[in-house]
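The sequence and model are shown first.

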Amino acid sequence: MARAIGIDLGTTYTVVATIQEGRPRTVPNAEGQHLTPSVVAFTSAGEPLVGQRARRQAAANPQGTVFSIKRRMGSDYVVKAIGREYTPQEVSGLILRKVKADAEERLGERITQAVITVPAYFNDRQRQATREAGTFAGLEVLRIVNEPTAAALAYGLEREDVHTVLVWDLGGGTFDVSILELGEGIFEVRAVSGDTWLGGDDFDQRVADYLAAEYEKVTGARFPADGGARVWLREVAERAKIELSSYPVTQVHLPPLGPWRWSQKGPIGGVGGWEKLPWGGDSLNHQRQLWASSRQVEIALTREHLERLTEDLLRRMAACTHQAIADSGLSPNEIDRVILVGGATRMPAVRRLAREVIGKEPYRYIDPDEVVAAGAAIQAGMLLGLVEKAVLLDVLPLSLGVETQGGLAARIIPRNSPLPASGARIFTTAADYQPSMDVHVLQGERELALDNISLGQFQLSGIPPAPRGVAKVEVAFEADVDGIVHVSATELLSESEMRVKVASTKHLDPREIGSLANEALHHAEEDREKRQRIEAIIEAEGLMAAGEMLLKELVRPPTGPQSQRTTQALAKLREAMAWGLPEEMRGQSRELRQLLAEAHKEERRPSKSVGSG
Ligand code: AMP
């Protein structure tokens, strides 16, 4: 029988595990390592290089080397290399193909199925892209599982006691917080939050920027802007960051970066010819630059300084955590255990922050690099019946909804609903005799449609002719166990129906996705005001139309007091709309609504109303 594996497809490293003798075990790659760098290189030699081989040649081939492709999943980003374009799915597919082949070699069996993990905070597009990457690699993706959930599975499989754990997962490119209740074989996710644009790489970038600035201060020469130099500096910065997890201070040596060229190990000073100089200038300046940049620069970086450089990144982590705790309905002291996952949680500042925010010492007895893949292998084992007595209940990371009149977002399934989740809402037409309705599917927490992620758009046609507000369209959502969304819209009278699996069609940069729920929190007040204004405008527009109709058709005589009051109320509402003040609009709308109600009452008593005019 072919075997199934669990894959932690990380931003920086990919790890594979499988179930052997009923327990998860990491499978080493062809180089004998448990961690395969998630790096792909395209060279003129033909076959792309993946993993350590790709990483080793990166400084000499910065244009052809792709790092951190996970951050681009679900976007329209393309990698252009050796005469063709690769989607992020294809690049990730190359990584998966290598780890699959290595595992087949190591285990001596064919591998056809896999469970792949993603950050809990990945949206629908990013999850679908991950599934496609698996397909490119020739794998049937049994399930997409959230990384922190996988970590909790590996942690909790053998524990019987019921308790609540909070998982902090800080990898190379993403940060996730999940709160789960474990016990008696049931793993129930209570809340997730996170930031798909926050990880160890950001800490490296801060250090790299600092080193380049120090280099410039000491030498008076610009640090080379060359791609190779920047790749190399990031690696130096990463090493310094990692060293500072164990020591309070580290020495960074930047070799002379004068006339230089790149070998596979980094820059070689003093050789390589003038044409490689990245800076220009007149010849005297040029000579000065050369002299300055021929000096070796030594920089002492302390842990304290690293923590100052990255203070804001830590604050973002705290904000996501507060939000997940609030969403779970628990208080920090109801959390029994804090589990840290992902290489970057080895930083002392991260551990300290966990203690400060949650008030607990993080749990130490798991390997943060391998626990996610182990959990993915367990999930694969559960699905294939190799691991017994475990049930996994995961949640939807971001709310699902549709755009409604005035560009507002209407929520249909709230975030953190247990998966699979479904929900439906009935909408109506905004115009008379509207023959079709556009359904714009959104994911996110913001009040305005344009501030959320657009998952796709489709049109429901065949709505029977009717005045506005009469036709009823039910929009129903189903999010499956992978968190992937299926949408249907049904016109209830004619029963015409459209059913779509939301596909990734429009451009979306994951940078824009960022921490949507945090953004929602941050913009809550501003968003509420915008929603109130739009709702007040929609209400006022409806009342204006009704008021004008009243003037034309109902009020008798046309110059009587009722007509004058209506004309005045309309003018005041128009003015309030021109100023755009929601309170004013609502006040004037109330007045006009009252006049309309009175007029309709009068109309129902025709003899009196005619007589009294
Ligand atoms: P992961 O995606 O879980 O493999 O995490 C990779 C990230 O962890 C990278 O940014 C690494 O630089 C970082 N990392 C690994 N080990 C350490 C360490 N000892 N201290 C700080 N960061 C680390």
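## Ligand contacts

A backbone N or O atom of glycine 343 lies 3.0 Å from an oxygen atom of the ligand, a polar contact being a pair of N or O atoms within 3.5 Å; within protein, one atom must be able to donate a hydrogen and the other to accept it, and residues adjacent in sequence count only if both atoms are side-chain atoms. The model is a predicted one, in which local features need pLDDT of at least 70 and side-chain atom pairs count only at pLDDT 80 or more, while totals for chains, interfaces and linings use all residues. Residue numbers start from 1 along each chain as its sequence is written, and side-chain values use heavy atoms, with hydrogens and water left out.

Glutamate 238 places a polar side-chain atom 2.5 Å from a ligand oxygen atom, and arginine 346 has a polar side-chain atom 3.5 Å from a ligand nitrogen atom. On its own the ligand has 500 Å² of accessible area, of which the protein covers 88% (Shrake-Rupley method, 1.4 Å probe; for residues, only the protein chains shown count as cover).

## The shell around the ligand

There are 15 residues around the ligand, and Glu238, Lys241, Ser245, Gly343 and Ala344 come nearest; a residue qualifies as near if one of its heavy atoms lies within 4 Å. By class, 4 of the shell residues are nonpolar, 7 polar and 4 charged. Here Ala, Val, Leu, Ile, Met, Phe, Trp, Tyr, Cys and Pro count as nonpolar, Asp, Glu, Lys and Arg as charged, and the others, Gly among them, as polar.

Helices α5 (200-219) and α6 (227-243) each supply at least two residues of this shell, and α6 gives the largest share, 3 residues. Elements are DSSP runs numbered from the N terminus: helices are H or I of at least four residues, strands E of at least two.

## Nonpolar cores

The largest nonpolar core has 35 residues, and Val165, Val167, Leu180, Leu182, Ile339 and Val341 have the most contacts inside it. Such a core is a set of buried Ala, Val, Leu, Ile, Met, Phe, Trp, Tyr and Cys residues joined through side-chain atoms within 4.5 Å. Among the elements that give it two or more residues are β12 (163-170), β13 (175-183), β19 (337-341) and α11 (371-383); α11 provides the largest share, 8 residues.

Apart from this core lies another, of 32 residues, including Phe42, Met73, Val79 and Ala129. Glutamine 89, in helix α2 (residues 88-107), touches Met73, Ala129, Glu132, Ala133 and Phe136, leaving aside neighbours within four places in sequence; contact means heavy atoms within 4.5 Å. Glutamine 89 is buried, with a relative accessible area of 14% (buried is under 20%, exposed over 50%, partly exposed in between; 1.4 Å probe, protein chains only).

## Backbone features in loops

The loop between β22 (408-413) and β23 (421-428) holds proline 420, and the peptide bond from leucine 419 to proline 420 is cis, with omega near -5°. Asparagine 416 is found in the loop between β22 and β23. Its phi is near 70°, a positive value in a residue other than glycine. Asparagine 416 is buried, at 12% relative accessible area.

Tyrosine 433 lies in the loop between β23 and β24 (437-443) and has a positive phi, near 55°, although not a glycine. Tyrosine 433 is exposed, with a relative accessible area of 53%.
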